[in-house]
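The paragraphs below lead a new reader through one protein chain. Please keep the sequence and the structure in view while reading.

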Amino acid sequence: MDPLKAKHLEKALTQFAEEGAAKVFKPMIGAGYIVGGVGALQFDVLASRIEQEYSLPGRFELPASR
């Protein structure tokens, strides 16, 4: 949400991807990230870790159902 903390978020997501906690994709167009996981609980854990370890407020948005 805060563009000034984008580097911290990138570092956090990169670390989680290296740990195997999530798959992280950076689209070639746009500034967001796509994070893949196994289930809803995994996203809750990642959001909590982002807040605790990196002091970043975190939330995930699920894609709209088709």
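How many aromatic pairs does a search of the whole structure find? The search finds 1 aromatic pair. Phe16 and Tyr54 form this pair, and their arrangement is edge-to-face, with 6.4 Å from centre to centre and 90° between the planes. Phe16 belongs to helix 1, residues 6-19, while Tyr54 belongs to helix 2, so the pair ties together parts of the chain that are 38 residues apart in sequence. Both Phe16 and Tyr54 are buried. The model is a predicted one, and every value in this text is computed from it.

Next comes the chain as a whole. There are 2 helices and 2 strands in the chain, and along the sequence they follow the pattern α-β-β-α. The C-alpha trace spans about 35 × 30 × 20 Å along its principal axes. For 66 residues, a compact globule would have a radius of gyration near 11 Å; the chain has 12 Å, which agrees with that expectation. Of the contacts between residues at least 6 apart in sequence, 42% join residues at least 24 apart. The accessible surface comes to about 5400 Å², and carbon and sulfur atoms account for 59% of that surface. Buried residues make up 20% of the 66 residues.

Which residues form the largest nonpolar core? This core has 11 residues, namely Ala12, Leu13, Phe16, Ala21, Ala22, Val35, Phe43, Leu46, Ile50, Tyr54 and Leu56. Helix 1 and helix 2 each supply at least two of the core residues. The largest share, 4 residues, comes from helix 2. The two partners of the aromatic pair, Phe16 and Tyr54, are both in the list of core residues.

Val35 is another member of the core. Apart from its neighbours within four places in sequence, Val35 is in contact with Leu13, Ala22, Lys23, Phe43, Leu46 and Phe60. Among these contacts of Val35, Leu13, Ala22, Phe43 and Leu46 are also core residues.

Gly36 lies in strand 2, which covers residues 34-36. With a relative accessible area of 25%, Gly36 counts as partly exposed, because that value falls between the limits of 20% and 50%. Once neighbours within four places in sequence are left aside, Gly36 is in contact with Ala22, Lys23 and Phe43. Lys23 is 13 residues away from Gly36 in sequence, yet their C-alpha atoms are 4.8 Å apart in space.

Gly39 is found in the loop between strand 2 and helix 2. The relative accessibility of Gly39 is 27%, and this residue counts as partly exposed. From the C-alpha atom of Gly39 to that of Ala22 the separation is 10 Å, and the two residues are 17 apart along the chain.

Helix 2 runs over residues 40-54, and Ala47 has its place there. Is Ala47 buried or exposed, at 11% relative accessibility? Ala47 counts as buried, because 11% is under the 20% limit. Not counting residues up to four places away in sequence, Ala47 touches Gly58 and Phe60. Phe60 is also one of the contacts of Val35.

Ser55 lies in the segment after helix 2. What is the phi of Ser55, which is not a glycine? Ser55 has a positive phi of about 55°. Most residues other than glycine have a negative phi. Ser55 is exposed, with a relative accessible area of 56%.

One further side-chain arrangement involves a charge and a ring. Lys26 lies over the face of Tyr33, at 5.0 Å from the ring centre.

Key: Residues are numbered from 1 along each chain as its sequence is written. This is a predicted model: local features need pLDDT of at least 70, side-chain atom pairs count only at pLDDT 80 or more; totals for chains, interfaces and linings use all residues. Side-chain values use heavy atoms; hydrogens and water are left out. Buried means under 20% relative accessible area, exposed over 50%, partly exposed in between (1.4 Å probe, protein chains only). Contact means heavy atoms within 4.5 Å. Rings of Phe, Tyr and Trp (its six-membered ring) pair if their centres lie within 6.5 Å; planes under 30 degrees apart count as stacked, over 60 as edge-to-face and the rest as tilted. A charge sits over a ring if NZ of Lys or CZ of Arg is within 6 Å of the ring centre and within 35 degrees of the ring normal. The radius of gyration is taken over C-alpha atoms; the globule rule is 2.2 Å times the number of residues to the power 0.38. Accessible areas come from the Shrake-Rupley method with a 1.4 Å probe; for residues, only the protein chains shown count as cover. A nonpolar core is a set of buried Ala, Val, Leu, Ile, Met, Phe, Trp, Tyr and Cys residues joined through side-chain atoms within 4.5 Å.
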